[in-house]
Amino acid sequence: MSTQLATAATVATNADFLPLQGTDYVEFYVGNAKQAAHFYKTAFGFQSLAYAGPETGVKDRASYAIRQEKLTFVFTTPLRAGNAIADHVYKHGDGVKMLALRVEDATSAWEETTKRGARSYMEPHKMQDDDGEVVMSGIYTYGETVHLFIERRNYKGAFMPGYRAWKSNYNPTPTGLQYVDHCVGNVGWNQMNKWVKFYEEVMGFRNILSFDDNDISTEYSALMSKVMSNGNGFVKFPINEPAEGKKKSQVEEYLEFYDGEGCQHVALATNNIVETVTALRDRGVEFLQVPTSYYDELESRVGKIDEDVTPLKELGILVDRDDEGYLLQIFTKPVEDRPTLFFEIIQRKGAKSFGKGNFKALFEAIEREQELRGNL
Ligand code: FE2
């Protein structure tokens, strides 16, 4: 082998075996997709995008895709009992089923990950219609959650084959949400390192941050968390597990009500958190509230920030700083009746971290909600 070839081979071995271009969409399995899509359009400012169901040749389900900037959500509901989607909704309630990742090659993504031990959810298969083709494959991650790999070969349709464009007379104003910043998984006792290893070995991710129960504890409860990132940083998956405390932690409450491991929150990025949160609140989205004393020492803790503190305090937006800048964030209450999935709204101003300085105030706010539900 010539030197040149040997070098090329070395580069190939070190190359990212699972190059990801970002989140393609998030799919939720829900009890009533028609109403869920309406709720997310109304409350979060999404637009109708595409529909699949009996009218488009899909007999067992109905799916509604909605979009805002680079964010695409899909809501899927079963049309009958006694199938995998119906069982999923019965067991878990409404929740995230698919975290779909955009790839250049869905076949290679499936082969590289299953070769490294991933459990297959769906072998690579090509879907075609008059607008082009999409190749899709998938693997399981924690719980019954799935990572789909989506390869779009210049697909020109509304969303993907099987769907038709969904035009609606109801098009609420957007709220400024831009893209998925990160998705957090809650896993069971002593399972965090297993899933860290999965993301490292099976998907080629790196552990970029770790928090132990000293970082994330209140008087009553604790949790541990490790943040996994893919090579280019476009896809970040923090993994939480409960830790021993005097009372039941938020992760335990989630595991009990979701009946297993699953996605705890999806963080949605905005370029103007004050405008976005004002709009969301006006449309009925409920947020966790920290005590107003949080703002007394804000500037001494995080230094100078561009935003006025008054609207931050009024809306309950939290601020944290790291070596690279600062971030603003806020968390919704769970968006279902089960205390399971919620959303984070985040605006990054240089910071690449996750708001460690806010953990205590935030988790105390969650515990006050848990207490009201009788689950602390
Ligand atoms: Fe988060």
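The model is a predicted one. Its chain splits into domain 1, residues 16-165, and domain 2, residues 177-373.

**The extent of the contact**
- Domain 1 brings 45 residues to the contact, and domain 2 brings 40 residues.
- About 3200 Å² of area is buried between domain 1 and domain 2, with 65% of that area coming from carbon and sulfur atoms.

**Salt bridge and polar contacts**
- One salt bridge is counted between domain 1 and domain 2.
- Lys91 and Asp259 form a salt bridge through their side chains, with an N to O distance of 3.2 Å.
- Polar contacts between domain 1 and domain 2 come to twelve residue pairs, where both residues have pLDDT 80 or more.

**What the domain 1 side is built from**
- Several strands each supply at least two residues of the side that touches domain 2: β1 (22-29), β4 (71-78), β5 (95-102), β7 (132-140) and β8 (146-153).
- Helices α2 (33-44) and α3 (84-92) also supply at least two residues each to that side of domain 1.
- Sorted by class, the side of domain 1 that touches domain 2 holds 21 nonpolar residues, 16 polar residues and eight charged residues.

Methods. Residues are numbered from 1 along each chain as its sequence is written. This is a predicted model: local features need pLDDT of at least 70, side-chain atom pairs count only at pLDDT 80 or more; totals for chains, interfaces and linings use all residues. Side-chain values use heavy atoms; hydrogens and water are left out. Domain bounds come from an automatic or database domain assignment. Contact means heavy atoms within 4.5 Å. Buried area is the accessible area (1.4 Å probe) that two parts lose on being put together, summed over both. A salt bridge is a side-chain nitrogen of Lys or Arg within 4 Å of a carboxyl oxygen of Asp or Glu. A polar contact is a pair of N or O atoms within 3.5 Å; within protein, one must be able to donate a hydrogen and the other to accept it, and residues adjacent in sequence count only if both atoms are side-chain atoms. Helices (H or I, at least four residues) and strands (E, at least two) are DSSP runs, numbered from the N terminus. Ala, Val, Leu, Ile, Met, Phe, Trp, Tyr, Cys and Pro count as nonpolar, Asp, Glu, Lys and Arg as charged, and the others, Gly among them, as polar.
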